[in-house]
Amino acid sequence: MIRLVLGAVLLSSLFRIVFLQEAESEAQIEERLGKITESLVSYQRCRTDSDCRANSFCYDNDNTRVGLCKCQAGYELLFRNRTDYSCLKLATWGEECEISAQCVDNLGGLATCQNTCGCQEKTYRYPYDGRCYRSVLLDDFCRTDANCILEDGTYAFCTDGQCECNIGLRPSADRKRCVNVRNLGQNCSDDYQCSFIGNSVCREICRCAVGYVVSRNETTCLKAATYFFDSCEENAQCSEFLRDGICNNGNCTCESGYHGFETRCVRTARIGQACSASEQCVPSTELLSVANCTAGVCQCAPGATDSSGRVECSNNTSKVRISSFLFALCMLVYNLFIL
């Protein structure tokens with residue numbers, strides 16, 4: 001009798017287990033499986049390991065309920081959707097891979113897989129942490145020193161969100177390298193080193209380019225004047241191409257008693273004064289038809305006028321006659337006393 005009772009109890013228990021398993025609704029299964037997806041398992045349902053893909057096993061299952069496929073130790077779930085998943089080993093620089101996700105953990109989000117792990121095009125591997133970074137030009141926005149790779153493979157510094165050269169260096173014109181700054185008169189190897197001083201070039205040493213002169217303090221290159229009355233700051237600007245020129249009140253002129261004629265300073269002689277050359281009588285070549293040096297004296301040409309007022313000549317016949325009379329008188333006195 002006792003045996004019959006025990007047998008009935010066992011049969012009842014087995015029936016209850018089978019009944020409960022069969023009674024578990026699809027909604028209940030979804031709810032239970034949904035809770036274990038936080039354990040980085042796939043969405044692939046399974047009853048045994050054979051239901052799972054390579055490098056994975058059936059997790060949270062038993063003889064009475066469905067489980068989900070999970071990656072084996074040493075493998076990572078690098079891809080999954082509702083119908084597929086992959087369990088693969090993580091890889092680092094130069095190691096074999098199947099998908100880029102294997103490389104990202106070690107090389108960062110800019111990693112890529114082309115049979116082996118590497119960096120995407122136009123990105124570089126930073127040697128200090130081994131990860132991939134995008135390169136930016138000097139003075140551009142950066143997040144880390146790794147963004148500031150230079151043309152020669154060295155690195156600038158990311159300071160306050162901007163790639164900057166080390167102290168004493170400056171960005172080249174193309175902003176791809178840091179240049180050792182050289183001053184005027186110092187040895188140099190290329191124009192870049194001198195280019196931070198405006199209008200300078202490298203000719204074994206940094207010097208001013210043609211058309212410019214070095215300033216008094218030897219720190220800048222100033223434009224040389226090519227005409228009298230060009231603006232200036234220092235005398236050197238007025239004497240490079242203008243003989244005996246000086247800088248006076250911000251313009252290139254000559255010393256008192258002289259005036260500029262073409263590119264040189266000559267002694268000034270007014271109408272009726274002694275002269276040795278016609279340029280002493282006029283300030284420019286176009287006025288040689290107005291006055292010139294005749295018989296050692298500055299004289300107006302007969303009937304000549306100067307609308308600019310730079311020569312004391314007019315077409316007033318009385319003035320012309322007076323000037324001619326004075327000249328003739330001077331010549332008479334000269335001949336009487338000398339001869």
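Arg-175 is partly exposed, with a relative accessible area of 29%. This is a predicted model, so please read everything that follows as computed from it. Arg-175 sits in the loop between β12 (169-171) and β13 (178-180). Its phi is near 60 degrees, which is a positive value in a residue other than glycine.

Lys-122 also has a positive phi, about 65 degrees, and is not a glycine either. The loop here is the one between β7 (116-119) and β8 (123-125). Is Lys-122 buried or exposed? Its relative accessibility is 65%, and the cut-off for exposed is over 50%, so Lys-122 counts as exposed. Arg-175, at 29%, falls between the limits of 20% and 50%, hence the label partly exposed.

Next, two residues with partners further along the chain. Asn-61 is in the loop between β2 (56-59) and β3 (67-71). With a relative accessible area of 27%, Asn-61 is partly exposed. Which residues does Asn-61 contact, leaving aside its neighbours within four places in sequence? They are Cys-46, Arg-47, Thr-48, Val-66 and Gly-67.

Glu-76 belongs to strand β4, residues 76-80. Its relative accessible area is 36%, so Glu-76 is partly exposed. Not counting residues up to four places away in sequence, Glu-76 touches Cys-71, Ser-86, Cys-87, Leu-88 and Leu-90. Gln-102 is 26 residues from Glu-76 in sequence, and the C-alpha to C-alpha distance for that pair is 8.5 Å.

Now the chain as a whole. The secondary structure comes to six helices and 23 strands. There are 339 residues in the chain, and 29% of them are buried. The accessible surface is about 21,900 Å², with 51% of it belonging to carbon and sulfur atoms. Of the contacts with a separation of 6 or more, 23% are between residues 24 or more positions apart.

On to the cores. In soluble globular proteins, nonpolar side chains tend to be buried together. The largest nonpolar core in this chain has 13 residues, and Val-282, Val-290 and Val-311 have the most contacts inside it. Apart from neighbours within four places in sequence, Val-282 is in contact with His-259, Phe-261, Leu-287, Leu-288, Ala-291 and Val-311. A second, separate core has 10 residues, among them Leu-107, Leu-110, Ala-111 and Cys-119.

Phe-261 comes up again in the last item, the second largest pocket, as one of the residues nearest its centre. Which of them gives the most? That is β20, with four residues. By type, the lining divides into eight nonpolar, seven polar and three charged residues.

To recap the angles: positive phi values turn up at Lys-122 and at Arg-175. Lys-122 is exposed, whereas Arg-175 is partly exposed. That is the end of my part.

Notes
Residues numbered from 1 in each chain as written. Predicted model: local features only at pLDDT ≥ 70, side-chain atom pairs only at ≥ 80, totals over all residues. Heavy atoms only, no water. Core = buried A, V, L, I, M, F, W, Y, C linked by side-chain atoms within 4.5 Å. Buried < 20%, exposed > 50% of the residue type's maximum accessible area, 1.4 Å probe, protein only. Contact = heavy atoms within 4.5 Å. Helix = DSSP H or I, 4+ residues; strand = E, 2+ residues; numbered from the N terminus. Areas by Shrake-Rupley, 256 points an atom, 1.4 Å probe, with all protein chains shown as cover. 1 Å grid on protein atoms, 1.4 Å probe; cavity = no way out; pocket = protein on both sides within 12 Å on 5 of 7 lines; lining within 4 Å. Nonpolar A, V, L, I, M, F, W, Y, C, P; charged D, E, K, R; others polar.
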